[in-house]
Amino acid sequence: MTVAALAVAALCVVPLVVVVVKAFDVGPAAAWDLLWRPRVGELLRNTAGLVVCTVALTTVLGIATAWLVERTSLPGARFWRVLMVAPLAVPAFVNSYAWVTVRPDLQGLNGAVLVTTLSYFPFVFLPVAAVLRGLDQSLEDSARSLGLGPWRAFFRAVLPQLRPAALGGMLLVSLHLLSEFGVLAMLRFPTFTTAILEQFQVAFSNSAGSLLALVLIALCLALLTAEQLLRGTTRYARLGRGTTRRALPARLGRWTVPALAGMALLTVLALGVPLGSLVYWFRAGSGGLSESTFDPAELVSTLWGTLRLAVLAGLVSVVAAFPVAWLIARRRSWLSVLVERATYVASSLPGVVIALALVTLAVRYARPVYQTAAVLVAAYVVLFIPRAMVSIRASLAQAPEELTDAARALGDRPLRAFLRVTLPLTAPGVLAGFAMVFIATSTELTATLLLAPTGTQTLATAFWSASESIDYAGAAPYAAALVLVSAPLTYLLLRRNDEEPAL
């Protein structure tokens with residue numbers, strides 16, 4: 001298992017190494033000329049502005065909505081909890097499509113911040129809500145007994161407890177923004193990711209694209225380092241099990257109506273606009289009100305092709321993730337931590353960077369597999385393997401190792417003991433990991449645009465092709481299919497969030 005885990009980690013890091021080596025092929029002088037251009041400065045400003053504005057807004061929205069749902073007397077809290085997670089079922093590029101059809105003038109930084117904030121604030125809401133739900137009320141009571149008012153007690157005693165969860169959500173939003181392509185291309189807001197894809201598709205320059213990717217990798221590593229430093233070494237768990245007292249909901253009183261109005265407005269903007277737009281364009285296409293090129297038979301064929309790729313990527317990812325998860329859960333050491341970090345760093349890179357590296361590898365060393373589904377599935381595995389790994393690792397942690405030892409003591413060989421004992425015990429985690437990769441693969445756009453074999457379309461690329469041609473009615477059925485395929489992710493996230501252990 002250890003050898004297999006090391007092999008998986010090495011394969012995940014290969015694209016990163018390829019991009020770095022390819023970028024150095026440009027040469028110092030040419031690299032300086034390429035990087036020291038006003039265009040690169042503009043991309044850097046755009047990317048930094050987008051990350052700063054969106055992360056700030058998603059953090060405020062995520063913490064505020066989580067506090068209202070979990071710690072106040074807001075009517076219908078369970079209903080609002082579902083609605084605050086539901087935007088994750090709408091892919092961000094589908095959300096931008098909906099907003100562009102409603103407001104064609106919505107472009108640039110303002111439009112990008114609006115759409116990405118509405119799409120990604122649940123990434124902060126989910127972990128913060130889980131912490132708030134399990135937080136001991138005695139911490140706040142102690143602050144109040146020392147003379148602090150309600151707001152000062154919240155900022156001094158509660159908010160610091162939310163820091164790890166909020167930082168995790170902020171990191172997730174930041175990494176999604178660095179790799180985002182569909183939203184920004186549709187809103188005509190150039191960043192490094194859109195420029196890399198443009199460099200490859202228009203100028204056919206792999207080296208220049210790799211050089212820009214190197215800047216993007218540096219930004220990713222800077223974000224990971226910043227999150228690690230801000231998280232610090234503060235201990236948040238208390239010594240001993242103790243008795244946790246659930247918090248009593250704070251009474252909103254005269255603020256109930258404004259709070260309900262704010263939650264309703266957010267729901268309309270994040271869910272009402274995209275779903276309403278889909279319904280409108282779907283009816284326009286089916287009623288002949290628009291010159292749509294949509295073909296129902298093509299939708300069925302595209303859906304079938306998407307599901308096949310997603311199933312294949314899910315199976316390969318689960319098989320690859322198992323030895324890494326086993327090493328982390330059963331043999332915790334510096335080596336297992338290194339293997340874990342390697343897979344996380346590789347998967348945090350944008351899909352366009354992974355695709356660029358795999359194109360280079362396939363063209364140079366494995367020409368027969370170039371433009372085949374094998375390369376595309378490999379990209380999916382590198383991008384999404386942590387989603388399978390986390391679920392399998394959690395199941396392995398709950399499966400006693402002594403049962404496997406007992407099976408071996410009774411005469412079973414290692415493979416038979418694994419199939420009879422370990423695999424059944426970890427089956428729920430394996431299935432959850434498969435489902436997470438399946439959903440992510442179904443909605444992936446950037447790597448698929450670069451690596452899909454000629455003539456192969458997925459729901460995401462078919463939607464993108466129609467929307468690029470301003471065929472909004474033709475894009476609507478593909479967008480609706482993407483939402484339906486993504487909906488189970490919302491259910492899985494809600495279940496995982498409800499099962500989150502208290503501090």
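A residue is called buried when its relative accessible area is under 20%, exposed when that area is over 50%, and partly exposed in between. The exercises below use these words for a predicted model.

**Exercise 1. Describe the chain as a whole: which secondary structure does it have, and what percentage of its residues is buried?**

Solution. 
- Step 1. Count the elements: the chain has 23 helices and zero strands.
- Step 2. Turn to burial: of 503 residues, 51% are buried.
- Step 3. Consider the surface, where carbon and sulfur atoms account for 66% of about 23,800 Å² of accessible area.
- Step 4. Look at contacts between residues at least 6 apart in sequence: 84% of them join residues at least 24 apart.

**Exercise 2. Find the salt bridges and state how many there are. Are the residues of each pair buried or exposed, or partly exposed?**

Solution. 
- Step 1. Searching the whole structure gives three salt bridges. Side chains of opposite charge can pair when their charged atoms come close.
- Step 2. Take Arg39 and Glu42, whose closest N and O atoms lie 3.4 Å apart. Both belong to helix 3 (residues 38-71) and are three residues apart, so about one helical turn separates them. Arg39 has 31% relative accessibility and therefore counts as partly exposed; Glu42, at 30%, is also partly exposed.
- Step 3. Take Arg81 and Glu70, with closest N and O atoms 3.1 Å apart. This pair links distant parts of the chain, since Arg81 sits in helix 4 (residues 77-85) and Glu70 in helix 3, 11 residues apart. Arg81 and Glu70 are both buried.
- Step 4. Take Arg103 and Asp105, with closest N and O atoms 3.0 Å apart. Arg103 is partly exposed because its relative accessibility is 38%. Asp105 reaches 54% and so is exposed.

**Exercise 3. Work out what the span of helix 20 says about its course, and where the helix bends.**

Solution. 
- Step 1. Helix 20 covers residues 414-442, and a straight helix of 29 residues would span 42 Å.
- Step 2. Compare this with the model, in which the end C-alpha atoms of helix 20 span only 35 Å.

Notes:
Residues are numbered from 1 along each chain as its sequence is written. This is a predicted model: local features need pLDDT of at least 70, side-chain atom pairs count only at pLDDT 80 or more; totals for chains, interfaces and linings use all residues. Side-chain values use heavy atoms; hydrogens and water are left out. Helices (H or I, at least four residues) and strands (E, at least two) are DSSP runs, numbered from the N terminus. The expected span of a helix is 1.5 Å times one less than its number of residues. The bend at a residue is the angle between axes fitted to the seven residues ending there and the seven starting there. Buried means under 20% relative accessible area, exposed over 50%, partly exposed in between (1.4 Å probe, protein chains only). Contact means heavy atoms within 4.5 Å. Accessible areas come from the Shrake-Rupley method with a 1.4 Å probe; for residues, only the protein chains shown count as cover. A salt bridge is a side-chain nitrogen of Lys or Arg within 4 Å of a carboxyl oxygen of Asp or Glu.
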